[in-house]
Amino acid sequence: MWKRPVLIFLILIVLAALSAVALDRNVPSEHLPWRELDPDAPLGFATKSQMLRMSLMPSENCMNLARDAETFNSIPADPKETKSVCGWNVARVVYGSATTVLRPGEANMQCPLAIGTYMWLNEIDALAQEHLGSNLSRVHHVGTYSCRRQNGNSSGRWSEHAFANAWDITGFELADGRVISVLKDWNGKDKDRKAFLRDTRNKACKIFRVTLSPDYNKAHRDHFHVDMGPSMACR
Ligand SMILES: [Zn+2]
C-alpha cells in the first residue's frame, strides 16, 4: 500500500481541510479574511483585509453593500467631472446612520470610504456610551472633497480629498448635547473625553487605510483625517 510519509501527508491535508471547515462554521466572519465584508458585523481581525479586497473589486459590489447595510443613510451620488484629475465616477452622498447625522448634513464619499464611515459611526456610538454614558448623535466635520494637492502644495501628489476619498472630522456631539472637540479635548483635562477620542482614533485605524490625529502633526491638532487611498498610516 502507501508508504508512511505519503500517508502522513494525506492525513495532514484532511485535518487541514476539516479545520478550515470548522473555522468557517464557528468563527465570526469578521475574523476570516476569505469572507466578504459585512458592514454590520463588529470589527475583527480580518476587517481591514476584507475592506481592502472590497475596495479592489468592481464598485458595484461596494454600492450593493452600502445599499443593504442595515441603518446606513446614503444614496448614490452623481459623478463629478472636472477639467483636472479631481472628482469621482462612483460615490455616495452620506447622511449618517439611523441614530447619527453629519453636521453639515451630508458628504460625498467614494464608496469604500462611505462604507468605512458607516462602520466607524457604529463603533463611535458604542464608545460614546462606554466612556461618556450617552449616544452619538452628530459628527461635526469639515468635508471630504477639495481639489488640491497634499499639504496644500502647488505641485506633487494629489490629496485623497481631491477624489472625495478622505474625510476630516472635528468633533462628536452626544445625544445629551455635549460636544467632544478634537481641538479642545484631545489634550484637555477630562479623562473620559480623552479616552473616548483616543479609542475613536484607534477604531478608525482598524477600518481606514490612513488615520491621522493630533498625534501626527500640528496641522491635525483640530481634526481627524481618514482616507482610503493607497498609503497606510495610523498616527
Ligand atoms: Zn484631510
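Me: Happy to start with a helix. Which residues of H6 are buried?

Reply: Keep in mind that this is a predicted model. In H6 the buried residues are Arg193, Phe196, Leu197, Thr200, Arg201 and Ala204. Buried here calls for 20 or more other C-beta atoms within 10 Å of a residue's own.

Me: What puts them on the same side of H6?

Reply: Around the axis they cover an arc of only 130°, so they lie on the same side of H6. Their cover includes H4, strand S9 (179-181), helix H5 (182-185), strand S10 (210-212) and strand S11 (224-227).

Me: How do you know that the span of helix H6 agrees with its 15 residues?

Reply: The expected span is 1.5 Å times one less than the number of residues. For residues 191-205 that gives 21 Å, and the end C-alpha atoms are 21 Å apart, so the two agree.

Me: What makes H4 largely enclosed by the rest of the structure?

Reply: Of the 22 residues of H4, 16 are buried, so the rest of the structure largely encloses this helix. Across the chain, 34% of the 235 residues count as buried.

Me: And how do you know that the span of H4 agrees with its length in residues?

Reply: Residues 111-132 should span 32 Å at 1.5 Å a residue, and the end C-alpha atoms of H4 are 31 Å apart, which agrees. After H4 comes Gly133, with a positive phi near 65°.

Me: How far apart do the C-alpha centres of domain 1 and domain 2 lie?

Reply: Those centres are 40 Å apart. The domain assignment gives 1-32 for domain 1 and 46-234 for domain 2.

Terms used:
Residues are numbered from 1 along each chain as its sequence is written. This is a predicted model: local features need pLDDT of at least 70, side-chain atom pairs count only at pLDDT 80 or more; totals for chains, interfaces and linings use all residues. Domain bounds come from an automatic or database domain assignment. Helices (H or I, at least four residues) and strands (E, at least two) are DSSP runs, numbered from the N terminus. A residue is buried if 20 or more other C-beta atoms lie within 10 Å of its own, exposed if 12 or fewer, and partly exposed in between; C-beta atoms are placed from the backbone. The arc is that of the directions from the helix axis to the C-beta atoms. Two residues are in contact if their C-beta atoms, placed from the backbone, lie within 7 Å.
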